[in-house]
Amino acid sequence: MLKGIGIQGKQVLLSAVFVFAAFMRCEMNVQAADASTFIGSVSDNSALTTIPDAGTADDVQMTENADGDAERIDGIGELEAAEAGEEAEVTIQAVDSTQLQTLNYRDGILTDWQQINEALGALSPDSLVNPDTDGKSLVLQLQNVGSIPAEIKDSIVSDDSGYTKYLHCNIGSGASLVFSGASDNSGFNGVSNTSVAVDSEKRGKKSMAVTVRFASHEDLGTVASLHVNLPQCAKGTKVSVYAETVSLDADGNVTVGENACIGNTKADENGNVEVLIQSTANYMFVYKAAKE
């Protein structure tokens, strides 16, 4: 949210720097799956740029101080406050580019889960800069996501507006986790560590393998969509998806087995694919690489 900076007297400095780009726009149709089913589909993560409103020239008035130097006063109300000898307050928005933040929330950049959860619960077409009114989809996009609280399961539930809510969490290295309000997320446990390492390697002359390794193995308690951008992957390329077999006992101990093929999918025009998952584990995507 915006943070205020109080400034005494007539000397008021207004500075605002907004450089935020690249959020992922996803087009998906996620359906609930049972505990043994994984289905691949296609995602579009094309990038857009959003610059928060910094005000217009009409909002700024100029005056002179006793030395004849120009001072910049933000708004007539603040000018009047300065003339009355009162404190004028100027607000700026400065967000570290590496911290958790929303990318397409219309009323500003949200940077903590309490804010995000409240926004998700009240999400409407007017809340987003890019609502999909034709597809009746509301996708709240985040970046720098290191964990996901279980509380989102209540806020993401679709209401009677006719729109489906989605929470799109960019977890880095071209990978994202997406949760759909159309699914039954009542058992969602949250994710304490979404960190991933994404590696790609050539196999023989034509094949490419991209591996997404989560830092920890956690049962999600629901179905999420794992989106991955694949290098040298042309539109329509068939992609085979492999995953570690993971099981948890009653005490929460994790047993990891060998990789098993869980299905096939096709890449979209940007080389993006998605697959439904129920745990954070290691996933491999194997396909015929396009010529460089």
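This briefing walks through a predicted protein model, from its overall make-up down to single residues. The chain has three helices and 16 strands, where helices (H or I, at least four residues) and strands (E, at least two) are DSSP runs numbered from the N terminus. Because this is a predicted model, local features need pLDDT of at least 70 and side-chain atom pairs count only at pLDDT 80 or more, while totals for chains, interfaces and linings use all residues. Residues are numbered from 1 along each chain as its sequence is written, and side-chain values use heavy atoms, with hydrogens and water left out.

**The chain as a whole**

- Of the 292 residues in the chain, 43% are buried; buried means under 20% relative accessible area, exposed over 50%, and partly exposed in between (1.4 Å probe, protein chains only).
- The chain exposes about 15000 Å², and carbon and sulfur atoms supply 46% of that area; accessible areas come from the Shrake-Rupley method with a 1.4 Å probe, and for residues only the protein chains shown count as cover.
- Take the contacts (heavy atoms within 4.5 Å) between residues at least 6 apart in sequence: 68% of them join residues at least 24 apart.

**The largest nonpolar core**

- A nonpolar core is a set of buried Ala, Val, Leu, Ile, Met, Phe, Trp, Tyr and Cys residues joined through side-chain atoms within 4.5 Å.
- The largest one here has 48 residues, and I148 and F285 have the most contacts inside it.
- Two or more residues of this core come from each of α2 (113-121), β9 (137-143), β10 (164-172), β11 (175-180), β13, β14 and β16 (272-288).
- Strand β13 gives the largest share, eight residues.
- Beyond its neighbours within four places in sequence, F285 is in contact with residues including M208, V228, V241 and V275.
- As background, nonpolar side chains in soluble globular proteins tend to be buried together.

**Helix α2**

- Which residues of α2 are buried? They are W113, Q115, I116, N117, A119 and L120.
- These buried residues pack against β8 (101-102), β9, α3 (152-155) and β10.
- At the start of α2, a side-chain oxygen of D112 reaches to within 3.1 Å of the backbone nitrogen of Q114.

- E244 lies in strand β14 (residues 238-248).
- E244 is buried but has no salt bridge, a salt bridge being a side-chain nitrogen of Lys or Arg within 4 Å of a carboxyl oxygen of Asp or Glu.
- The nearest side chain of opposite charge is that of R213, 6.9 Å away; for charge, Lys and Arg count as positive and Asp and Glu as negative, while His and the chain ends are not counted.
- The side chain of E244 does make a polar contact with the side chain of H217, at 2.9 Å.
- A polar contact is a pair of N or O atoms within 3.5 Å; within protein, one must be able to donate a hydrogen and the other to accept it, and residues adjacent in sequence count only if both atoms are side-chain atoms.
- Another polar contact of 2.9 Å joins the side chains of E244 and N282.
- N282 is found in strand β16, and N282 counts as buried because its relative accessibility is 16%.
- N282 and S216 are 66 residues apart in sequence, and their C-alpha atoms are 9.2 Å apart in space.
- Leaving aside neighbours within four places in sequence, N282 touches V212, R213, F214, Y242, A243 and E244.

**Salt bridges**

- How many salt bridges are there? The count comes to two.
- One of them joins the side chains of D199 and R213, at 2.8 Å from N to O.
- This pair links distant parts of the chain, with D199 in strand β12 (residues 196-203) and R213 in strand β13 (residues 207-229), 14 residues apart.
- D199 is partly exposed at 39% relative accessible area, and R213 is partly exposed at 36%.
- R203 and E201 also form a salt bridge, their closest N and O atoms being 3.7 Å apart.
- R203 is partly exposed at 39%, and E201 is partly exposed at 41%.

**S225 in strand β13**

- S225 has its place in strand β13, and S225 counts as buried because its relative accessibility is 0%.
- The side chains of S225 and H227 are joined by a polar contact of 3.1 Å.
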